Amino acid sequence: MTNPMPRGLRLLTAFCRLTGLHRTLCPLLGGMGLILVLHRVLPPSPGPRIMANARIEITPGFLEQLILFFRGRGYDIVSLDQVHDRICRGSSETPFVCFTFDDGYADALEVIHPVFRRQQAPFAVYLITGFPDRLLIPWWYMLEDLVLRQDPVCFTWQGREFCYPCSGADQREQAYAAIRQLILATPAGELDGCLEAIFAGTGIRAGDYDRLMLTWDMVRRMAADPLVTVGAHTVHHFNLRELPPDMVRREILASRQVIEEHIGGPVRHFAYPFGSPAEVGRREVEIAGQCGFATCTMVKEGTIVAGHRDHLAALPRVEVTGRYQDLTLVDLRRCGVLSLLRNGPQRVVTL
Ligand SMILES: [Zn+2]
């Protein structure tokens with residue numbers, strides 16, 4: 001599912017597609033390479049969707065195109081260990097791209113792994129251990145089905161009545177956004193009660209959504225392949241900025257430990273949940289930095305340069321979403337043009 005781009009971005013990509021002008025900036029702004037952040041890879045679904053979920057999904061065809069796109073431009077597809085080595089060396093004879101997939105959806109094994117095996121290229125999965133440990137309920141997909149199937153969506157929570165009309169695409173998006181906000185604002189201890197209030201009697205059951213998430217057996221099967229790196233991504237995927245420091249440390253270390261126990265090897269890489277400045281600040285970088293990872297990555301537009309040697313706990317990653325599956329846009333990111341627009345002339349994009 002793709003969406004029309006905002007006008008400015010559409011004009012910029014059309015201009016660059018026509019002129020190729022952005023490529024003149026590549027040697028200047030492209031740095032040594034870049035780390036991509038993706039989530040899910042799935043065949044396009046035929047029915048209506050909610051954008052918040054559709055945006056984290058790209059098609060297998062587009063993933064293959066991405067791999068060929070970077071190979072066609074002389075990029076090495078590298079693992080996170082190799083990213084670390086190249087940053088520490090401070091140089092890279094050929095540019096690199098590193099593919100990372102966040103959270104640990106089942107399609108990492110079912111769809112993504114076969115693509116990378118066929119291409120003989122490495123990739124990484126940053127795993128929320130609450131997925132295979134079944135500590136998390138994928139309510140964001142349950143909620144999508146609810147607003148798509150039911151009109152209106154009404155429930156009572158903490159003595160308040162909520163009712164949202166869901167008869168058209170706009171109303172469904174609004175209902176989804178409002179209920180999502182309510183769930184995200186609910187303290188962890190009350191979450192089960194909140195979800196029960198929303199989904200009771202709707203026929204939408206959490207157990208039916210377990211299949212979306214990797215199991216430990218699937219994680220082990222992937223980790224046995226040298227092409228696959230499993231990184232840590234906390235236990236619960238909380239916004240770390242909102243937690244006390246001892247809980248931030250516990251979320252990070254517990255996820256690493258449980259993955260290491262299951263795969264029988266070290267976990268050297270970490271990605272901050274959500275990963276934008278709204279969820280990652282100096283304190284979080286300091287704590288993660290003390291945990292002894294080789295790299296910690298955020299979600300922020302920026303290419304990798306030698307100066308990142310001093311910022312290994314806050315590396316930028318460029319997000320490729322299902323919203324715009326467009327190779328010219330990827331080319332603008334590869335050449336650092338979007339980073340220039342978002343971050344100004346700063347080369348070492350970090351916190
Ligand atoms: Zn995540």
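Which residues of α13 are buried? In this predicted model, the buried residues of α13 are T328, L329, V330, D331, L332, R333 and R334. Helix α13 covers residues 327-334, and because 7 of its 8 residues are buried, this helix is largely enclosed by the rest of the structure. Buried here denotes a relative accessible area under 20%. The surroundings of the helix can also be named: its buried residues pack against the helices α1 (7-19), α2 (26-29), α4 (60-72) and α14 (337-343), and against the strands β1 (33-38) and β12 (318-319).

The largest pocket holds about 1,300 Å³. Its lining consists of 39 residues, and those nearest the centre of the pocket are W139, R180, L184, H237 and F274. Sorted by class, the lining comprises 22 nonpolar, 9 polar and 8 charged residues.

Several elements contribute to this lining. At least two residues come from each of α3 (51-54), β5 (96-103), α7 (139-149), α8 (169-184) and α9 (191-199). Helix α8 gives the most, with 5 residues. Both domain 1 (7-133 + 215-343) and domain 2 (139-208) are represented, each with at least three lining residues.

The zinc ion is coordinated by the OD donor of D103 and by NE2 of both H233 and H237, at 2.1 to 2.2 Å. Along the sequence, these donor residues follow the spacing D-x129-H-x3-H. The two histidines, H233 and H237, are both buried.

Key:
Residues are numbered from 1 along each chain as its sequence is written. This is a predicted model: local features need pLDDT of at least 70, side-chain atom pairs count only at pLDDT 80 or more; totals for chains, interfaces and linings use all residues. Side-chain values use heavy atoms; hydrogens and water are left out. On a 1 Å grid over the protein atoms alone, a cavity is a set of points where a 1.4 Å probe fits but cannot get out, and a pocket is an open set with protein on both sides within 12 Å along at least five of seven lines; lining residues have an atom within 4 Å of a point. Grid points are joined across faces, edges and corners, and a volume is the space filled by probe spheres set on the points. Helices (H or I, at least four residues) and strands (E, at least two) are DSSP runs, numbered from the N terminus. Ala, Val, Leu, Ile, Met, Phe, Trp, Tyr, Cys and Pro count as nonpolar, Asp, Glu, Lys and Arg as charged, and the others, Gly among them, as polar. Domain bounds come from an automatic or database domain assignment. Donors are N, O and S atoms within 2.8 Å of the metal (3.2 Å for Na, K and Ca); water is not among the atoms, so sites may look incomplete. Buried means under 20% relative accessible area, exposed over 50%, partly exposed in between (1.4 Å probe, protein chains only). Contact means heavy atoms within 4.5 Å.
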